[in-house]
Amino acid sequence: MSKQTLAPLFKLEENKREPKVINGFYQKDIISVNQFTKDDLAYIFARADEMAEMAQRWGTCDLLKGYTLACVFYEPSTRTSSSFIAAMERLGGKVIPITEGIQYSSVSKGESLIDNMLTLEQYCDVIVLRHPEIGSSASAAKYAHVPIINAGDGAGEHPTQALLDLYTIQSELGKVDGLKISMIGDLRYGRTVHSLTKLLAQYDVSLRFVSPDTLRLPLDLMNDLIDRGINVRETSRVSDVIENADVLYVTRIQKERFTDLLQYEEVKDFFEITPELMTRAKEKMIVMHPLPRVGEIHYKIDRDPRAAYFRQVQNGMFIRMALLAAVLGQA
Ligand code: NCD
């Protein structure tokens, strides 16, 4: 049948996918927190506030109707994958979730991850990627034609987590400048710590790092902080920081990153935040954790109003709504 004899199905005069808002994020990959200036952060946080209000009043909206997200996780995830899915759905978009049964080969050898991206981008408008190798998102972004959002590249970075962490600090304590922030746990392999530390270096903060000797913050990160004039100290005892901390940012020892499990066994019970310890903390401070926790924070702390980790989880969805809308030119 020739084309001319068919009545058209759609009236396509209007291009519904024209960007409505051109901002610095439109069609950009989100790979590292280094991409974000203070103005960018203020913009995303203001949009996240709007998303929170929308979600509260309407639940969902049509802002990203007609857009599809591929959520590709080569490593386990509960919060990051489900919050991106929830974010997309609350904005009226669709999701292709790919979280199970993925086999991966080395990114440095290239093929499988890149082919995967080049395939998936035929179906979607943006890809959220988690992969066990440092630099994997940056490699994927080099080849893909849709924006790639890094949801964790091995022990490298986890930029969207750092954004939600900073947003949480700002909304819980009303400011970032002037705060004493203590990072506790696996500072060597913890990618959330790496990203958050880099972001915080833009502010006037004092940073305290608490870890076993083998899991200290990587030297390049530490040197960068010192070069930027940030007040930093390292210790292996939580008791050294508990009294002055405005934020206790607690992290899990990253078992999966250890090549020698004996080394993991040596440090796995390094510390626990207990109700007794919290009696020494300030009245106005917060305890954060990117989660999952595996014994670092006693369950009794959950009832303490200073425990901010589940509010932090909810903030994650609002931040990811703001980011997805910005990258797709709709916010
Ligand atoms: C973190 C991660 O995957 O890096 N979790 C998260 O995204 N909320 C922290 C962790 O796994 O310990």
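Guide: We start with the ligand and end with the domains. This is a predicted model: local features need pLDDT of at least 70, side-chain atom pairs count only at pLDDT 80 or more, and totals for chains, interfaces and linings use all residues. Residues are numbered from 1 along each chain as its sequence is written, and side-chain values use heavy atoms, with hydrogens and water left out.

Visitor: Which residues surround the ligand?

Guide: Near means a heavy atom within 4 Å. Here T80, R130, H158, Q161, R191, T192, R252, Q254, P290, L291 and P292 surround the ligand.

Visitor: Which side chains lie 2.8 Å from an oxygen atom of the ligand?

Guide: A polar contact is a pair of N or O atoms within 3.5 Å. R252 places a side-chain N or O atom 2.8 Å from a ligand oxygen. A polar side-chain atom of Q161 lies 3.3 Å from a ligand nitrogen.

Visitor: How much of the ligand does the protein bury?

Guide: Accessible areas come from the Shrake-Rupley method with a 1.4 Å probe. Alone, the ligand exposes 320 Å², and the protein buries 93% of that.

Visitor: How is the chain divided?

Guide: Bounds come from an automatic or database domain assignment. Domain 1 is 33-157 + 316-327, and domain 2 is 159-314. Their C-alpha centres are 24 Å apart. Contact means heavy atoms within 4.5 Å; 28 residues from domain 1 and 24 residues from domain 2 take part.

Conventions: A polar contact is a pair of N or O atoms within 3.5 Å; within protein, one must be able to donate a hydrogen and the other to accept it, and residues adjacent in sequence count only if both atoms are side-chain atoms.
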